[in-house]
Every structure is written in structure tokens, then in C-alpha cells.
Amino acid sequence: MSYMKFMKAGAAAALLACTSLAVTPAFAERTELRLGAAAADIGNLDPHFAASTSDRTLVAWIYGALVRFAPGTTDPATIEPDLAESWEASPDNLEWTFKLRKGVQWQHGYGEVTADDVVFSLEKAADPDRSGFSSDYTAIESVEAVDPYTVKITLKSQVPSMLGLLANYSGGFIISKKAYEEKGDSFSRNPVGFGPFQLESIEPSVAINFKSHDDYFRGKPKIEKVIYRFLNAAAGRDLAFASGEVDVAAGTTEQRWLQRMQNTPNTMVDIFDPSELAVLHLNKNQKPFDDIRVRQAIGYAVNPAEIAQFRGKEFTRQAVSVIPSNNLGLNPEPGLLPHDVEKAKALLAEAGYPDGITIKMISSQMPSYATMDQILQAQLAKAGIKLDLQPVEHASWHQMIRQDLSPIVDYSAARFPVADTYLTQFYYSKSAIGAPDQVTNFSHCDVADKQIEEARVETDQEKQIELWKEAQKLIVDEVCAVPLTETAQVWARTDKLDWGFELKGSMSLGPLLTEQASFKE
């Protein structure tokens with residue numbers, strides 16, 4: 001999905017005259033940024049548990065990592081130093097040594113970041129009791145502090161992208177050991193990182209307030225205060241943006257919204273990667289999806305092309321596999337079922353449902369999910385499949401689907417763009433809901449375990465990619481999931497706000513806010 005900007009210029013600025021060498025600014029420099037988020041409330045600001053789009057956006061402002069994606073990109077080739085100023089790997093890539101910057105300061109007066117914090121953070125990220133991303137770190141054998149500014153990581157086996165595991169994303173974020181041990185369970189509401197912005201206060205269901213981390217090692221942020229308002233209703237966000245109550249607002253992935261914003265004066269629209277892959281996960285362990293014919297009927301009944309067209313070609317495309325199309329290891333032709341309503345009806349009749357079937361589905365009230373689910377409801381109805389939508393608040397939805405309370409789950413996600421990550425989290429048996437290493441395998445898929453495991457340790461990249469492609473075909477044949485669309489991130493902003501870089505991508509799924517952001521008058 002390419003990056004695009006739309007802008008309609010406002011009135012030309014008036015010329016200012018001056019009669020003295022001592023010039024007084026016509027406008028005070030703006031240092032407060034207000035954002036409107038498509039969320040009802042905060043979820044979890046412990047970065048190793050932050051799974052929702054909104055929480056991912058926030059933790060990327062608070063925390064840093066050993067390395068980071070260059071601001072504005074999601075390309076692994078751009079990964080650059082962050083806390084680590086340099087690193088080296090052994091010839092077999094099983095030992096990695098990182099040299100840390102000296103003098104990097106934690107927020108809220110917690111002192112200097114050291115190797116002990118890195119060891120603590122990575123061990124926590126790998127612990128399923130203290131991290132939602134522990135399965136990503138199973139290849140790590142040990143993490144040790146050689147000295148206060150040197151960290152050595154030893155692997156049991158090679159991983160597809162070591163730097164990706166340590167970047168500013170999911171389990172790669174570094175937290176303050178002292179703060180975590182002091183705060184315990186309250187850390188998720190009292191986070192301490194070394195990023196450019198620190199939490200100031202939380203107004204439940206209203207807003208989160210941040211202030212600049214003035215000791216940030218890259219320099220004091222130009223923005224001093226950030227107000228992140230919870231405006232879950234799309235109409236409310238649009239109104240707040242149009243009235244100037246917020247400077248930036250999460251967009252709606254619909255063509256009508258884009259056209260409206262294109263015609264709004266002094267407005268720019270950022271459309272950026274990663275595109276989130278929307279997939280219908282079908283729980284093979286629950287009726288009626290224990291019958292593959294019912295799963296196949298769902299596959300034939302949905303019409304992803306229609307959904308993509310409705311959403312808008314500028315930011316949505318039809319999915320091609322059960323992993324995102326930007327992933328290394330993509331199988332572009334895994335054998336997806338074509339849209340065929342009559343075939344869907346025939347399969348339902350064969351499975352014992354000649355008069356159709358009703359399926360309960362817990363649905364998120366987040367606008368993007370709600371719209372998708374309503375479209376799916378209409379499409380499936382044509383094949384005699386009644387989707388009984390039971391909408392709940394987004395944070396509650398996240399909790400409920402992780403308890404197997406919905407036999408069908410519409411889930412959109414973007415992950416580090418290497419096939420292993422997505423395959424492991426969504427289609428590996430050890431990641432199934434209820435398993436000790438539970439992640440997001442809502443379908444309880446297990447047909448590609450062998451290929452996923454073998455690819456993880458395969459040193460020949462061509463063979464590794466072939467294993468990933470084979471895994472996708474097996475998952476598609478089993479109809480563990482039905483891929484729908486890939487949709488980019490969309491936000492509107494005032495043209496007076498400059499991110500400080502070209503926003504082509506953000507692994508945090510929202511605008512990355514750094515020390516470079518500023519207002520121009």
C-alpha cells in the first residue's frame with residue numbers, strides 16, 4: 001500500500017510588517033498536540049501486552065528498544081540504532097552482542113538505562129506469564145549483561161530476523177526494571193520508558209495526557225504536551241477535527257470519508273503501512289465449524305472484492321493469502337476459495353443445514369470492525385448463513401475472543417513482515433487459545449506445525465520460503481481462516497502539523513510521535 005497525501009490549501013498568509021530590529025512573533029509557537037483516537041478507553045500500556053491498535057500507538061511514544069525502524073517506515077532494511085549504538089553477530093548468527101549508549105535516561109526520574117534493564121525486559125518479553133508475545137522469543141537461550149553497557153544474547157537456533165525481534169515493536173520494547181518491580185500490576189497504568197513522551201495522567205474513557213520527556217537522549221521534543229482523546233464514534237471524531245478541537249484524528253476506511261476530507265480546507269490525510277490483514281478465523285473445535293464443509297461454505301459465501309471496493313481503492317485491497325502480502329515468504333496463490341453463493345448453499349445442505357444456519361459472533365464496536373462485520377452479515381445472509389452479531393466495547397471484545405467465546409472471529413492485524421511471525425501467532429498449535437503459550441490462534445489450526453517449525457531453523461532462505469508457502473496452502477485447504485482485505489492506516493491532520501519525517505509507515509499502527517514533531521504557522 002503506497003503512502004499518499006491529500007491537501008487542500010487554505011487562504012494565503014497575510015504579510016507582516018515590522019518597524020524595529022527587535023521582532024515580536026506574531027504567534028506563540030504551539031507546543032500542545034491534540035489527537036482523537038478510534039477507541040473507547042485505554043487498554044494496557046505495558047508494551048509486552050499492548051495488542052489493540054490504540055495501545056500500540058501509545059507505547060511507541062513512551063518506550064524505545066535496542067534498535068528501531070527509521071521513523072516513517074516499516075521496512076526492516078531501515079532498522080537503525082536506538083538504545084544500542086552498535087552490535088555484532090557471530091559467524092553462525094547465534095551470539096549477538098550489543099553496545100549500549102551511555103547516559104540514556106528513564107522517564108519520571110528513574111535514572112540511567114543499563115544492560116540490567118535490557119536483560120530484564122527481554123526475559124519478561126519471553127515469559128508467557130508476563131508477555132503476550134512470548135512465542136516470538138522461544139529461540140533465545142540466554143540474555144546476559146556483560147557490563148553495564150554491553151548485552152549478549154545467545155540463541156538456541158537462528159531466527160528469520162533477529163533485529164526485528166529487538167526493534168521498537170511488541171516484545172522488543174525496553175522497560176525500567178526498577179519501575180516495574182516497584183509498581184507491579186499498576187505498571188500498565190504507570191508506564192516508564194525512555195521514549196520522547198511520558199505519561200502524565202489518565203482520565204478513564206476521556207483522555208490520556210502526556211508531557212515531553214525533556215531528558216530524551218535524542219533531544220527535548222518540540223511538542224511539550226499531548227492530549228490523546230478517546231472518541232470512539234467516527235462522527236464525533238470528525239466533528240472534533242472539523243471544529244479544531246483536535247489536530248489529528250483517526251480516519252475511517254471508507255471512500256466517502258476520504259472524499260470529505262479531501263474537500264476540507266487545511267487538511268492532510270496520511271495513508272500509511274502496514275496494511276492490516278482482516279481475516280475470519282473459524283474455530284475448528286466448536287460447532288458448526290468442526291465440519292469442514294461449513295468452513296468451506298463461509299469461504300465461498302464471502303466476497304472480499306466487494307468489501308475492498310466499498311472501503312476504497314486508495315487504502316484497501318483484496319487479501320491474497322492467510323498472511324499479509326508484504327511478508328517475506330508470501331504464497332500469492334495458496335488456493336483461496338472463489339466467491340460462489342450457490343456452492344456455499346450446496347455445502348451447507350450437504351453438512352445438514354438445508355434451511356441455513358445461525359452463527360453467533362461477538363463483534364467489536366470499533367467503527368472499522370463494526371462496518372466490516374455488517375458487510376459480512378449481509379454477504380453471508382445471501383447463502384443462508386445468519387450472522388448473529390453481538391457487539392461489545394473493543395477492549396472487552398479483545399478479552400472475550402481470547403476466551404474462545406466466539407466461534408468466528410473477525411480479526412485485523414499487522415505484524416513484523418516475515419511470514420514466521422504471522423504464521424506462528426495465528427496458525428501454530430502452541431499459540432491456540434487456551435494453550436500454555438496462547439497468542440491469537442483463534443481457529444485452533446494445527447495443520448502446518450511441521451512446516452512452521454522446520455522453517456524457523458532452516459538456514460537456506462529459499463527452502464525456508466518454500467516451507468512458509470507450503471504452510472499457507474495447508475492452512476487455506478483446511479479453511480482455518482478466510483482472508484478478506486488488507487487496509488492501510490488512515491489519519492487526518494491539520495496541515496500546520498509536521499511529523500518531522502515522511503509518514504510512509506508505522507509499525508505502531510498509528511502516527512509515530514517523536515521529538516521532531518512540530519507546528520508551523
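Predicted model: local features only at pLDDT ≥ 70, side-chain atom pairs only at ≥ 80, totals over all residues.
Let me begin with the packing. The largest nonpolar core has 113 residues, and those with the most contacts inside it include Trp 61, Leu 66, Ile 153 and Phe 210, as well as Tyr 228, Leu 423 and Tyr 427. Both domain 1 (32-247 + 496-519) and domain 2 (273-488) give residues to this core, so it lies between them.

Now to the serine. Ser 508 lies in the loop between strand 21 (497-498) and strand 22 (518-519), and because its relative accessibility is 7%, under the 20% limit, Ser 508 counts as buried. Its side chain makes a polar contact, at 2.8 Å, with the side chain of Ser 506, and, when residues up to four places away in sequence are not counted, Ser 508 touches Thr 53, Arg 56, Thr 57 and Ala 60.

Finally, the disulfide. The count comes to one, formed by Cys 445 and Cys 480, with the sulfur atoms 2.2 Å apart. Cys 445 sits in the loop between helix 12 (419-427) and helix 13 (449-457), while Cys 480 sits in the loop between helix 14 (461-478) and strand 20 (481-494), so the pair ties together parts that are 35 residues apart in sequence. The link is right-handed, with 65 degrees about the S-S bond, and both cysteines are buried.

Technical notes: Residues numbered from 1 in each chain as written. Heavy atoms only, no water. Core = buried A, V, L, I, M, F, W, Y, C linked by side-chain atoms within 4.5 Å. Buried < 20%, exposed > 50% of the residue type's maximum accessible area, 1.4 Å probe, protein only. Domains from an automatic or database assignment. Helix = DSSP H or I, 4+ residues; strand = E, 2+ residues; numbered from the N terminus. Polar contact = N/O pair within 3.5 Å; in protein donor to acceptor, adjacent residues only side chain to side chain. Contact = heavy atoms within 4.5 Å. Disulfide = S-S within 2.5 Å.
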